[in-house]
Amino acid sequence: MVVMILVTGATGTIGSEVVRHLVARGEKVRALTRDPERAAAELPPGVEAVRGHHRDLGSVAAAMAGVDRAFLVGVFGPEDGDSDRGMVEAARAAGVRRIVKLSAIMAGDPRTGLGGIAHGHGEEAVRESGLEWVILRPSVFASNTLSWAEALRAGEPVPNMLGSGRQGVVDPRDVAEIAVAALVGPGCVGRTYTLTGPETLSPRGQAAALAEVLGGRVELRDLTPSQTRELLVASGWSEESAEGMLRSVRFVAEGGNAVVTGDVEEILGRPARTYREWAEDHKGAFGGVLGPRAGGG
């Protein structure tokens, strides 16, 4: 029987890949997006795009109608503290059978900042839902370094707020493949998986790998906590949110996220992709951006 699978965050880093893989399997997919018309041009043919947002629980409830399984992406910042619980309640009310929550590594640990706390609350809601559930806790995404492109284009060092803190950088494609396995397969139910790459890397380790792939230099500029706060506030963060992010930054800088697991290999039956593999496959996204200071030689 072909069932309907709802993907929230359907145009995001993970959600878009989840949609693509589900469609390739022949699954029936509904995509929750703020702009269905725009998303329709990006989503694979056959996907039903519906208007909604994880903070608008009325739209979530409508999107859940007739759904058997749902992929939940609900925490993007401190203001999303209750969004997971609302989505879980909407899923239960609609008769959804299985939910897969995209959480974050170290969820629930107050040292990880406000986002980690919010994910912890969301995980509680999932486990208490009475539905089949799977929780995915990915480490930092390899794709986060796409944010370096602007500084590299300007020939400037990339701001580094994490010092020498190492993390088990994970390829988002691995996370998406595991999300699909959790949605359609029988073996993951009732499990919480911590998803990492095969090694821990510091920001300078990532910069060195990226520089080799791009054939230039990728320099970093270490920020003090006060400089990090100033940068966040200047980017539009509230003082409260910036302070929460500083707690998370301190946690990583002090080695709190230097974790590697075998969960990716356990589920996919192959080793987790390395950061360098991700960089090789996405070097086109950095094409021509190495400026005179950050690249050359």
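Two strands are taken as paired if DSSP finds at least two bridges between them, and strands (E, at least two residues) and helices (H or I, at least four residues) are DSSP runs numbered from the N terminus. The model described here is predicted, so that local features need a pLDDT of at least 70 and side-chain atom pairs count only at pLDDT 80 or more, whereas totals for chains, interfaces and linings use all residues. Residues are numbered from 1 along each chain as its sequence is written, and side-chain values use heavy atoms, with hydrogens and water left out.

Strand β6 (residues 132–138) is joined to β8 by five bridges in the parallel sense, and Ile135 stands opposite Thr192 in β8. Helix α5 (residues 114–127) packs on the sheet and touches β5, β6 and β8, contact meaning heavy atoms within 4.5 Å. The direction of α5 makes about 160° with that of β6; axes are lines fitted to C-alpha atoms, for helices over the stretch in contact, and angles run from 0 to 180 degrees between N-to-C directions.

The open sheet consists of seven strands in the order β3-β2-β1-β4-β5-β6-β8, with parallel pairing. Its edges are formed by β3 (48–51) and β8 (191–195), each of which has a single partner strand, so one side of each is left without a neighbour in the sheet. On average, neighbouring strands of this sheet are turned by 15° against each other, direction ignored.

Within the sheet, β4 (residues 69–72) pairs in the parallel sense with β1 (residues 4–7) over three bridges, Val7 standing opposite Phe71 in β4. Four bridges join β4 to β5 (residues 98–102), and these two strands also run parallel, with Ile99 in β5 as the bridge partner of Ala70. In a regular strand the side chains alternate between the two faces of the sheet. Both faces of β4 are covered, since Arg69 and Phe71 on one side and Ala70 and Leu72 on the other are all buried; buried means under 20% relative accessible area, exposed over 50%, and partly exposed in between (1.4 Å probe, protein chains only).

Two loop residues may be described next. Met106 lies in the loop between β5 and α5 and has a phi near 65°, a positive value in a residue other than glycine. Most residues other than glycine have a negative phi. Met106 counts as partly exposed, at 24% relative accessibility. Asp171, in the loop between β7 (158–160) and α7 (172–184), is buried with a relative accessible area of 2%, and, leaving aside neighbours within four places in sequence, Asp171 is in contact with Ala142, Arg273 and Trp278.

The axes of helices α9 (residues 225–234) and α10 (residues 239–253) come within 9 Å and cross at roughly 140°. That angle makes α9 oblique to α10, given that angles under 35 degrees count as roughly parallel, over 145 as roughly antiparallel, 65 to 115 as roughly perpendicular and the rest as oblique. In the contact, Pro225, Thr228, Arg229, Leu232 and Val233 of α9 meet Glu239, Ala242, Glu243, Met245 and Leu246 of α10. By class, this contact of α9 with α10 has six nonpolar, one polar and three charged residues (Ala, Val, Leu, Ile, Met, Phe, Trp, Tyr, Cys and Pro count as nonpolar, Asp, Glu, Lys and Arg as charged, and the others, Gly among them, as polar). Thr228, which is placed in α9, counts as buried at 1% relative accessibility. Thr228 and Met245 are 17 residues apart in sequence and 9.3 Å apart in space, C-alpha to C-alpha.
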